[in-house]
Amino acid sequence: MPYSSRSPRGTVRFEMASRLGHLPTSNNPLIQERLARYHKPENAFDASMIEERVSSADDLPQTGAPAIRYVVCVDGSGHEDQEAFERYPSTRVLYLQIAGVFIDLQHMQNQPGHFVDPARIADAIEASVVSGFLPGSYLEHEIYKDPVQAFRAETFDLFASTQIQRRSLLDLLCETQKYGEAADAAAAEAGELLLSKCPNEKCTLHKPGRDFAGISVSVKAETACPACGTALWPTDALRIWEAFQPDASNGECLGRTRDMIEHLVLLGVAMSFEELSPKLLQQTAFICDGDLALFGQPAPFHKGILGAWQALWARCQQNGLEPPLVFGIAKSGYPVEHLHGIQRFVPRRHLMRLDDKYMAERLRVKSLTETYFGRKLFYHASDGQLLVITVPPASGTAYGRSRTEDPSGLDRFPTLGRTFDLLDNVGTRLYDDAVIPVSLAHHWAAYPLANAERVLRILTERAIGKPIGN
């Protein structure tokens with residue numbers, strides 16, 4: 001850990017390392033001997049194992065109608081301001097933005113000539129951004145002296161005040177739980193969420209027994225713990241507060257909150273479309289930037305989100321309509337790297353089915369049944385884009401709960417054909433393996449690296465009444 005010094009103008013200078021400081025490591029023969037035991041992942045590729053899982057998108061026995069005319073894409077960004085106040089580098093504030101982009105594909109793609117018309121693209125796009133704040137480490141709240149309690153209260157306010165069309169994030173959270181576990185569904189029908197434990201470490205319900213039914217908390221207001229009287233909020237059910245650290249970085253909490261909001265926003269827009277025009281819904285694709293999955297403390301909510309999507313699909317089919325497309329696109333991670341490594345085995349306009357065996361042995365993805373509400377697939381688009389997507393099944397879970405199950409059959413995903421047709425038409429050469437909707441959503445959600453830190457720090461100091469440094 002280097003020493004540092006700060007000039008009167010606020011410039012920070014760090015102690016410099018020796019230019020030859022790496023030599024003891026790079027010249028260590030023991031390290032070189034150990035490294036020689038490892039090899040690149042591509043040296044272990046099994047061609048037969050890959051080829052037997054590859055098939056043509058043209059062979060899918062699925063309808064291609066109606067064609068997708070509209071796309072809704074959601075992406076989120078977070079920024080942890082690691083020096084909220086000048087000369088207090090341990091103070092941190094968490095900021096997040098969730099962007100939703102609506103694209104009229106027909107208007108955007110129906111352009112005369114060989115060149116893209118930027119004005120026409122702009123006319124085909126509508127964007128909206130949801131922004132929020134959460135406290136980080138070493139911030140003093142004017143009411144809540146406990147930093148964890150302040151974080152919990154701000155999380156509730158964020159979900160209660162953020163509106164997606166005519167529903168708050170809390171309303172959407174409650175709606176998804178109607179398709180969760182039986183006890184969660186019963187509570188949600190009554191306008192409540194179940195907490196698995198009380199956040200107060202001194203409470204007898206902080207570590208309840210296995211038979212504990214949970215604490216019912218109203219979605220609309222603060223509730224008191226029946227055992228200790230501690231203030232409880234419905235967002236405590238997400239359990240993100242368990243990862244909050246009053247004296248360290250809280251990037252994990254920021255990421256978990258952002259991911260949860262992204263999925264709720266996408267679902268909320270789809271439900272609004274359904275109310276507005278079911279016929280419009282069947283011509284729309286809903287895309288999430290990232291996997292259709294929830295990780296960490298909020299992971300149990302993945303079941304309810306999947307159930308809500310499946311219920312929406314079922315209502316479409318009851319009305320004689322095709323369901324909308326729903327899928328996520330992963331841009332990073334080992335599965336993306338793996339697809340690039342095996343692309344020679346996957347021709348264009350072909351997909352690769354990823355069964356549980358391949359996921360576990362080759363991709364080493366764990367906790368599938370507890371986190372994913374979409375099934376991973378590889379797709380090599382007709383324009384050469386290599387895409388890792390997750391698609392929810394029409395019924396049941398995305399992944400099996402026993403080794404004897406293999407729920408990777410393509411017949412469980414009736415929207416795949418239309419999904420691949422769409423992906424073949426929305427690629428862009430601006431970035432590697434990029435699609436236009438995700439690129440646009442990221443454009444609206446991302447914090448600019450050049451000035452975000454400075455601007456957000458100024459916002460923090462102005463809001464709390466502290467002087468602004470130079």
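**Helix packing and ring pairs**

Mentor: Start with packing, and remember that this is a predicted model. The buried residues of helix 11 pack against helix 7 (169–177), helix 9 (251–276), helix 10 (278–281), strand 13 (284–289), strand 14 (325–330) and helix 14 (368–371).

Trainee: What makes helix 11 mostly covered?
Mentor: Of its 17 residues, 12 are buried. Among them are His302, Trp309 and Cys316.

Trainee: How many aromatic pairs are there?
Mentor: The count comes to 10.

Trainee: Why is the pair of Tyr70 and Phe102 called stacked?
Mentor: The ring centres are 5.5 Å apart, and pairing needs them within 6.5 Å. The planes of Tyr70 and Phe102 meet at 20°, and stacked means under 30 degrees, so the pair is stacked.

Trainee: What does that pair tie together?
Mentor: Tyr70 lies in strand 4 and Phe102 in strand 5, so the pair joins parts 32 residues apart in sequence.

Trainee: Is Tyr70 buried or exposed?
Mentor: Its relative accessibility is 14%, and buried means under 20%, so Tyr70 counts as buried.

Trainee: What makes the pair of Tyr372 and Tyr399 edge-to-face?
Mentor: Their planes are 70° apart, and edge-to-face means over 60, so the label holds. The centres lie 6.0 Å apart. Tyr372 is buried at 6% relative accessible area, and Tyr399 is buried at 2%.

Trainee: Which residues do ring pairs link into a cluster?
Mentor: Tyr70, Phe102, Phe273, Phe286 and Trp309.

Technical notes
Residues are numbered from 1 along each chain as its sequence is written. This is a predicted model: local features need pLDDT of at least 70, side-chain atom pairs count only at pLDDT 80 or more; totals for chains, interfaces and linings use all residues. Side-chain values use heavy atoms; hydrogens and water are left out. Buried means under 20% relative accessible area, exposed over 50%, partly exposed in between (1.4 Å probe, protein chains only). Helices (H or I, at least four residues) and strands (E, at least two) are DSSP runs, numbered from the N terminus. Contact means heavy atoms within 4.5 Å.
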